[in-house]
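Subject: Structure for your review

Hello,

Here is the structure we talked about handing over. Please have it open while you read the notes below it.

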Amino acid sequence: MIRARIAGTGSCMPEKVMTNFDLEKLVDTTNDWIVTRTGIKERRIAAEGEFTSDLATRAAERALEMAGIPASEIDLIVLGTVTGDYPWPSTACIVQNNLGAKNAYAYDLSAACSGFLYGLGCASDFIQSGRGKKVLVIGAETLSRILDWTDRNTCVLFGDGAGAVVLEAAENSETGLLSTHMHSDGSYLDLLYQPGFGTRMMPSVQGVETGAFFLKMQGNEVFKVAVRSLTDISNEALAANNLSAEDIALFIPHQANKRILEATAKRIKMKEEQVYVNVHRYGNTSSATIPVALDEANRAGLLKVDDNVLLSAFGGGFTWASALIRWS
Ligand code: UT7
């Protein structure tokens with residue numbers, strides 16, 4: 001049986017740090033409120049002239065370097081993002097050109113915070129079908145560009161960043177990606193979305209004046225569904241692999257809010273030391289949270305051969321997804 005295994009991980013965070021104390025000067029908020037309600041202490045903000053494709057390219061280069069695989073050997077690039085450089089063509093094509101990955105075809109995938117895990121699911125199916133052997137999966141965002149910096153309900157929550165993995169085909173392998181699961185429910189669209197400027201609401205002076213370009217979220221409604229969906233998708237992944245919570249070496253949930261992580265971990269009976277948390281340093285970077293955390297855990301030596309690693313995400317759409325990896 002062919003399985004996709006992770007051959008390398010990489011990430012790239014912008015240098016500029018914005019703390020909660022910096023935000024106190026912008027909106028009516030406090031460090032105490034943000035830390036208590038979200039666990040976030042600081043986030044990274046892309047520099048002027050630094051785009052989603054730049055962060056994605058650097059994360060991908062680091063993953064390729066770790067894998068020891070030249071960009072020319074990549075068959076496919078899948079990039080999860082809601083903040084691509086252009087409405088079209090895809091940011092994945094920009095990254096392909098930046099990397100010199102001449103033999104890859106490349107596309108963006110729009111699944112909000114689940115974008116990286118949706119990408120992992122597509123890439124795993126691609127490899128298992130025998131269609132190609134080496135895939136780059138990236139989650140990259142510059143959410144700071146679509147935040148309303150006068151809205152304390154949203155601007156304190158998000159940040160910029162990118163993470164990537166290189167997947168390669170492994171024949172008759174007991175390790176690698178054991179399962180991926182993906183779900184959507186479009187009936188929740190308006191709890192978390194960007195109203196303009198797609199073709200439904202084209203750019204206009206009125207649209208700019210009413211802030212239609214900014215991310216909108218009904219936080220406490222999203223919170224409830226997020227905990228429920230992350231719990232369900234995590235249990236689904238465990239059951240599909242005949243595993244229980246104690247078999248998991250590391251659980252990496254989407255990093256949106258520490259309270260969501262804790263509530264989910266409690267429901268699926270995961271102990272605090274099994275859960276990877278970096279939301280305090282980066283806030284919610286949407287599709288980038290999971291590959292960034294995976295790269296950090298990998299480079300910190302937290303992942304050993306045969307460890308079971310559970311990844312679970314939830315985001316706008318709504319979308320939710322999981323991946324269970326036996327580390328190699
Ligand atoms: O990545 C995909 C999914 N996204 C998420 O999973 C995010 C999910 N939601 C959340 O993380 C939380 O709901 C929030 C952090 C957004 C909000 O926390 P909450 O405990 O649900 O607070 P709330 O929205 O119920 O607001 C409580 C109060 C409100 O004041 P009143 O109406 O009670 O007077 C808000 O206006 O807190 C106020 N508030 C703030 N106060 C200080 C909201 N934002 C702020 C702020 N600083 N930044």
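This is a predicted model: local features need pLDDT of at least 70, side-chain atom pairs count only at pLDDT 80 or more; totals for chains, interfaces and linings use all residues.

Residues are numbered from 1 along each chain as its sequence is written, and side-chain values use heavy atoms, with hydrogens and water left out.

Helix α2 spans residues 31-38, and its buried residues are Asn31, Ile34 and Thr38. (Helices are DSSP runs of H or I with at least four residues, strands are runs of E with at least two, and both are numbered from the N terminus; buried means under 20% relative accessible area, exposed over 50%, partly exposed in between, with a 1.4 Å probe and protein chains only.) Viewed down the axis of α2, these residues fall within an arc of 80°, so they line one face of the helix; the arc is that of the directions from the helix axis to the C-beta atoms. The face turned away from them carries the exposed residues Asp32 and Thr36. The cover over the buried residues of α2 includes α1, β3, α9 and α10. Gly39, with a positive phi near 85°, follows α2.

Glu50 sits in the loop between β3 and α3 and counts as buried because its relative accessibility is 12%. Leaving out residues up to four places away in sequence, Glu50 touches Pro14, Leu55, Arg58, Thr142 and Arg145 (contact means heavy atoms within 4.5 Å).

Tyr188 lies in the loop between β8 and β9 and, at 25% relative accessibility, counts as partly exposed.

Regards
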